[in-house]
Amino acid sequence: MEYPPYTFITMTEKFKCIRCGACCRWRGYVRLKGDEIEEIAKFLGTNADEFTKKYTYLTHDRKSLTLTDQEDGSCVFYRHDPPACFIQEVKPEQCRTFPEKWAHQGWENDCGAAIQRKKEQD
């Protein structure tokens, strides 16, 4: 499976997420760090082993575990109606730091907050 390349960016203004869920619907890795697995598992009322088996897989580069996707490519913890992250309180760092620390090329054309900001500036 081909994933969009990620870019690392520096924001000149503080990004204000409007929680549209666009970033949760892009195909690609959500790499998990060590303590995030335990934290999310606890939040879900399970243990790290069960969480890992049910909600993760090893990335192609074999460097980390990533969250699985729903059939439509969105994150396994994304809820469509209304748009929301089921694990908002404990979501991974990668999710919390979008787009200040990472984004895919062209993210500004998909992200509701970026689109809104552009309209306000025009």
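**Sheet, cores and pocket of a predicted chain**

Thr-66 in S4 is the bridge partner of Tyr-57. The model is a predicted one, in which local features need pLDDT of at least 70 and side-chain atom pairs count only at pLDDT 80 or more, while totals for chains, interfaces and linings use all residues. Residues are numbered from 1 along each chain as its sequence is written, and side-chain values use heavy atoms, with hydrogens and water left out. Helices (H or I, at least four residues) and strands (E, at least two) are DSSP runs numbered from the N terminus.

S3 and strand S4, residues 65-67, pair in the antiparallel sense over 3 bridges; two strands count as paired if DSSP finds at least two bridges between them. The open sheet is formed by 3 strands in the order S2-S4-S3, with antiparallel pairing. Strand S2 (31-32) and strand S3 (56-58) stand at the edges, each with a single partner strand, so one side of each has no neighbour in the sheet. Helix H2 (residues 48-55) packs on the sheet and touches S2, S3 and S4, contact meaning heavy atoms within 4.5 Å. The direction of H2 makes about 75° with that of S3; axes are lines fitted to C-alpha atoms, for helices over the stretch in contact, and angles run from 0 to 180 degrees between N-to-C directions.

Over the whole chain there are 4 helices and 7 strands, and the elements run β-β-α-α-β-β-β-β-α-β-α from the N terminus on. Of its 122 residues, 37% count as buried, where buried means under 20% relative accessible area, exposed over 50%, and partly exposed in between (1.4 Å probe, protein chains only). Among contacts between residues at least 6 apart in sequence, 63% join residues at least 24 apart.

The interior comes next. A nonpolar core is a set of buried Ala, Val, Leu, Ile, Met, Phe, Trp, Tyr and Cys residues joined through side-chain atoms within 4.5 Å. The largest has 16 residues, and Phe-51, Leu-67 and Phe-77 have the most contacts inside it. Helix H1 (34-44) and H2 are the elements that give two or more residues to this core. Not counting residues up to four places away in sequence, Phe-77 touches Leu-44, Phe-51, Tyr-55, Leu-67, Ala-84, Cys-85, Phe-86 and Ile-87. A second, separate core of 10 residues includes Phe-15, Phe-98, Cys-111 and Ala-114.

Thr-68, in the loop between S4 and strand S5 (78-79), is buried, with a relative accessible area of 18%. With residues up to four places away in sequence not counted, Thr-68 touches Lys-54, Tyr-55, Thr-56, Tyr-57, Cys-75 and Val-76.

The largest pocket has a volume of about 600 Å³. On a 1 Å grid over the protein atoms alone, a pocket is an open set of points where a 1.4 Å probe fits, with protein on both sides within 12 Å along at least five of seven lines; lining residues have an atom within 4 Å of a point. Of the 37 lining residues, Cys-23, Cys-24, Lys-91, Cys-95 and Phe-98 are the closest to the pocket centre. Strand S6 (84-85) and helix H3 (93-96) each give two or more residues to the lining, and the largest share, 3 residues, comes from H3.

Arg-96 has its place in helix H3 and is partly exposed, with a relative accessible area of 48%. Arg-96 touches Glu-36 and Lys-91, not counting residues up to four places away in sequence. Arg-96 and Cys-17 are 79 residues apart in sequence and 10.0 Å apart in space, C-alpha to C-alpha.

Definitions and conventions. Grid points are joined across faces, edges and corners, and a volume is the space filled by probe spheres set on the points.
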